[in-house]
Amino acid sequence: MQAKLQDVDTVLQQSAALLDFSEPVAVMMVAILHFVPEEDDPRGIVNRYAEATAPGSYLIASHGTAEGPAGERVGQAAAQYEGKANYSAHLRTKEEFAAIVAAYELVEPGIDWTKSWRPDGALTSGEEVAIYAAVGRKD
Ligand SMILES: C[S@@+](CC[C@H](N)C(=O)[O-])C[C@H]1O[C@@H](n2cnc3c(N)ncnc32)[C@H](O)[C@@H]1O
């Protein structure tokens with residue numbers, strides 16, 4: 001399927017050919033929400049996917065931010081999108097990301113850096129903290 005995240009009707013209609021929306025499903029918005037500008041209402045978009053899915057469904061989401069120690073470099077990287085892609089990057093704070101995914105009950109540990117969100121093993125040190133992760137359940 002090729003559709004913008006914002007085109008919720010198309011995504012849901014085409015997904016319905018493969019998925020049974022009366023059963024819980026997982027919606028994955030990985031490294032994509034930061035390409036949705038404020039005027040497109042990212043929270044409203046997430047809400048619509050939440051409303052279309054059955055209780056027990058999950059959202060798996062991540063979001064770029066400039067809040068970490070590499071913030072300046074992340075900001076510079078985001079600026080590279082300007083004029084080079086047909087979308088631009090909108091870095092947001094943890095609080096802003098939380099508001100966008102508020103339709104879901106976040107599972108532990110809530111919003112954390114992708115690399116420290118339930119890591120499989122010991123964490124390595126480093127600055128790769130540019131993206132927040134969250135998993136939420138729709139009750
Ligand atoms: C950083 S990649 C992440 C891809 C994938 N989710 C992953 O984790 O490997 C971002 C992708 O989102 C796509 N994209 C950007 N804005 C989008 C939008 N509004 N709707 C759908 N896809 C979009 C880009 O074309 C690109 O393929």
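Strand 2 is mostly covered, with five of its seven residues buried. The model described here is predicted. Strand 2 spans residues 58-64.

**The strands**

Two neighbours pair with strand 2. On one hand there is strand 1, residues 26-29. Strands 1 and 2 run parallel and share four bridges. M28 is bridged to I60 of strand 2. On the other hand there is strand 5, residues 131-137. Strands 2 and 5 are antiparallel, and seven bridges join them. I60 has V135 as its bridge partner in strand 5.

Strand 5 also pairs with two other strands. Strand 3, residues 105-106, is antiparallel to strand 5 and is joined to it by two bridges. Strand 4, residues 112-113, also pairs with strand 5 in the antiparallel sense, over two bridges. The table lists these pairings, with one bridge from each.

| Strand pair | Sense | Bridges | Example bridge |
|---|---|---|---|
| Strand 1 and strand 2 | parallel | four bridges | M28 and I60 |
| Strand 2 and strand 5 | antiparallel | seven bridges | I60 and V135 |
| Strand 3 and strand 5 | antiparallel | two bridges | E105 and R137 |
| Strand 4 and strand 5 | antiparallel | two bridges | W113 and Y132 |

How enclosed is strand 5 by the rest of the structure? Six of its seven residues are buried, so strand 5 is largely enclosed.

**The core**

The largest nonpolar core has 21 residues. Which of them touch the most other members? They are V46, L59, A61, F97, V101, Y132 and A134. Helix 2, strand 2, helix 4 and strand 5 each give two or more residues to this core. Strand 5 supplies the largest share, five residues.

Beyond its neighbours within four places in sequence, A134 contacts A61, F97, V101, L106, G110 and I111. Of these contacts, A61, F97 and V101 are also among the core residues that touch the most other members.

**Helix 2**

Helix 2 covers residues 42-52, and its buried residues are P42, I45, V46 and Y49. Why do they lie on the same side of helix 2? Their arc around the axis is only 95°, which puts them on the same side.

The face turned away from the buried side carries the exposed residues G44 and E51.

F35 counts as partly exposed because 19 other C-beta atoms lie within 10 Å. Leaving out residues up to four places away in sequence, F35 touches Y87 and A89. D9 is 26 residues from F35 in sequence, and their C-alpha atoms are 19 Å apart.

**A buried loop residue**

S57 lies in the loop between helix 2 and strand 2. Is S57 buried or exposed? S57 counts as buried, because it has 20 C-beta neighbours inside 10 Å. Its contacts, not counting residues up to four places away in sequence, are P24, V25, A26, V27 and K138. S57 and G136 are 79 residues apart in sequence, yet 8.5 Å apart in space, C-alpha to C-alpha.

Most residues other than glycine have a negative phi, and most peptide bonds are trans.

- D41 is not a glycine, yet has a positive phi of about 60°. D41 lies in the loop between strand 1 and helix 2. D41 is partly exposed, with 14 C-beta neighbours inside 10 Å.
- R118, also not a glycine, has a positive phi near 45°. R118 is in the loop between strand 4 and strand 5. R118 is exposed, with 10 other C-beta atoms within 10 Å.
- The peptide bond from E108 to P109 is cis, with omega near 10°. P109 is in the loop between strand 3 and strand 4.

Key:
Residues numbered from 1 in each chain as written. Predicted model: local features only at pLDDT ≥ 70, side-chain atom pairs only at ≥ 80, totals over all residues. Buried ≥ 20, exposed ≤ 12 C-beta atoms within 10 Å, placed from the backbone. Arc of directions from axis to C-beta. Contact = placed C-beta atoms within 7 Å. Core = buried A, V, L, I, M, F, W, Y, C linked by C-beta atoms within 7 Å. Pairing = 2+ DSSP bridges.
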